[in-house]
Amino acid sequence: MPEGGSSEVRVTGEAVAGDRPSPAAREALGAIEDDIARGGFAFRSGAEMGTILGARALDEWPAFAASWDDLGIDTYMADGGRYRRRRFCALGVTGTAVSRKEHQPHYQSRDHNQLNGGVERWFMPVHDAITGNAFAQALIRYCAMLFDRASSMTSGATPWHVEMHQFRIEATQTEQGAPTPEGPHRDGVDWVCVMLINRTNVRSGVTQIFDPAGRSLGEFTLTDPIDTVFLDDRRVFHGVTPITPLDSERKANRDVLVLTFRREQDSNPAQG
Ligand SMILES: [Fe+2]
């Protein structure tokens, strides 16, 4: 189980009392919450997210994004693919305090991932400097605040178990890259935040949202850095179409951050 080694070992960011969201960020919070309540998801452009997260966070964006150049190959791909690179870590969030947990495997049940689920998958840990990065900290705290509001519960009472995934999907002329090889799916948590870090030479990679009956609720493409989608994982399925290179002579890269949020005390059977 992912929470198996859940002892909190070190604080990666200060619980900064003065680091409250700006009025613009608070206003955006309500609008995002409304979108999620209506349709089960909310898309926000990188420009909007930049305003929400603020200048101090954006100062550290370059270092945050550059860390995607140092990921390990995902050797667990049951389709035999070697087109996915990643790092992973687990965090706890209580209020505005974000703490890093002991390194642990990522686990999804086969119900939620028929391709790669059912086994504990160990990935290289996210660097401490990246979980401690001001951009990461601001985003994690903002998500926690949003998901607290959307679920009418506070993380002060019931902390969040957060999993952070850094992904790079690569594609070449001879091998397409599948961001979601398992097809449309739920992650088996409560809430998900997917943020585009960068796209280089990428064709397609369209994000698609479905209801549980498989009806389309919307589709859009994360094209610019910091473009973000928030998902109510209990209500909607998500998937991303395979990518191929625009210029077939060069490799295509699609870099994405995924944050999943689940209530700490929730013995969500989906997480096995
Ligand atoms: Fe997913």
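This is a predicted model: local features need pLDDT of at least 70, side-chain atom pairs count only at pLDDT 80 or more; totals for chains, interfaces and linings use all residues.
Local features are reported where pLDDT is at least 70, and side-chain atom pairs count only at pLDDT 80 or more, while totals for chains, interfaces and linings use all residues. Residues are numbered from 1 along each chain as its sequence is written.

**View 1. Helix H1 and its length.** Helix H1 covers residues 23-39, where helices (H or I, at least four residues) and strands (E, at least two) are DSSP runs numbered from the N terminus. H1 is followed by Gly40, whose phi is positive, near 90 degrees.

View 2. A residue counts as buried if 20 or more other C-beta atoms, placed from the backbone, lie within 10 Å of its own C-beta, as exposed if 12 or fewer do, and as partly exposed in between. The buried residues of H1 are Ala28, Ile32 and Ile36. Seen down the axis of H1, these residues fall within an arc of 75 degrees, so they line one face of the helix, the arc being that of the directions from the helix axis to the C-beta atoms. On the face turned away from the buried side are exposed residues, among them Arg26, Glu27, Asp34 and Arg38. The cover over the buried residues includes strand S2 (41-44), helix H2 (46-53), helix H6 (134-151) and strand S13 (228-232).

**View 3. H1 against H6.** The axes of H1 and H6, as lines fitted to C-alpha atoms over the stretch in contact, with angles from 0 to 180 degrees between N-to-C directions, come within 10 Å and cross at roughly 50 degrees. That makes H1 oblique to H6, given that angles under 35 degrees count as roughly parallel, over 145 as roughly antiparallel, 65 to 115 as roughly perpendicular and the rest as oblique. Residues Ala25, Leu29, Ile32, Glu33 and Ile36 of H1 meet Tyr142, Met145, Leu146, Arg149 and Ala150 of H6, contact requiring C-beta atoms, placed from the backbone, within 7 Å.

**View 4. H1 against H2.** Here the axes of H1 and H2 come within 7 Å and cross at roughly 125 degrees, and the two helices are therefore oblique to each other. On the H1 side, Ala24, Ala25 and Ala28 meet Glu48, Thr51 and Ile52 in H2.

Note on methods
The expected span of a helix is 1.5 Å times one less than its number of residues. Two residues are in contact if their C-beta atoms, placed from the backbone, lie within 7 Å.
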